[in-house]
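Please follow this explanation with the sequence and the model side by side.

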Amino acid sequence: WNALATIPLVHTAGTLQAILYMSTPLSAYEIERLKNIERNQAVLAQLGLEALAPPKPTVVRKPKVQRPPTEPSRKSGRIAALPAPSVFIDAEHSNGKVVLGGVDAKAAKAAAEKTEEEAASAAAPLDEDPAPASEAELFPNEALVYGLLRDEKNRIARENDCAAYHVAQNRALMAMVRCVPRSVEALLSCWGWGEAKARSHGA
């Protein structure tokens with residue numbers, strides 16, 4: 001049985017005899033079918049066509065039709081009458097930058113740069129105070145006044161038993177020296193001075 005199981009039933013001579021000796025009986029239809037197969041194999045062998053495989057079907061591929069580019073459409077009723085901008089990505093570099101193409105490419109690039117500038121301006125801190133960043137940037141007369149203000153700040157901190165920067169930061173004093181505020185409102189416009197500090201130590 002194991003030997004018969006490895007015999008190809010279609011391409012081996014004597015297939016019918018091997019099957020007839022199997023323990024499982026075959027129906028009349030199966031016996032007649034096997035006889036037909038053996039007769040066909042014999043005819044193919046006589047004609048020398050036994051080893052020929054049936055030809056593969058020919059696959060006909062339709063030619064790819066190149067569609068013309070369509071113009072962009074505007075679906076909004078408010079701008080439906082306006083022509084859509086003619087912009088497309090002409091090239092893309094490995095660093096992520098793209099090169100725009102089309103009639104409106106320059107206008108689109110200028111609009112994008114303007115938007116980036118506006119976003120950067122909005123994100124930048126609004127610090128227009130001319131306060132120096134360090135004591136080295138003070139003029140000689142400013143350095144003299146700054147020293148007096150710093151001594152006064154340290155005296156107030158000792159009286160209140162708190163850190164000196166709780167009274168005022170050094171740059172806040174330099175802002176006072178540079179701007180010379182003459183009122184509480186003017187002091188509030190200086191760097192580092194809020195309403196609480198101006199109310200407590202600004203007067």
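E142 is buried in this predicted model, with a relative accessible area of 9%, where buried means under 20% relative accessible area, exposed over 50% and partly exposed in between, for a 1.4 Å probe and protein chains only. E142 sits in helix α5, residues 140-160; helices are DSSP runs of H or I with at least four residues and strands are runs of E with at least two, both numbered from the N terminus. Leaving aside residues up to four places away in sequence, E142 touches V177 and R178, contact meaning heavy atoms within 4.5 Å.

The largest nonpolar core has 14 residues, and those with the most contacts inside it are Y146, L173, M176, L187 and W193. Such a core is a set of buried Ala, Val, Leu, Ile, Met, Phe, Trp, Tyr and Cys residues joined through side-chain atoms within 4.5 Å. Helix α7, residues 170-179, gives the most to this core, with 6 residues.

The largest pocket is lined by V98, V99, L100, A105, K106, K109, A112, E113 and E116. Two or more of the lining residues come from each of β2 (98-101) and α4 (105-123), and α4 supplies the largest share, 6 residues.

Residues are numbered from 1 along each chain as its sequence is written, and side-chain values use heavy atoms, with hydrogens and water left out. Because the model is predicted, local features need pLDDT of at least 70 and side-chain atom pairs count only at pLDDT 80 or more, whereas totals for chains, interfaces and linings use all residues.

Terms used:
1 Å grid on protein atoms, 1.4 Å probe; cavity = no way out; pocket = protein on both sides within 12 Å on 5 of 7 lines; lining within 4 Å.
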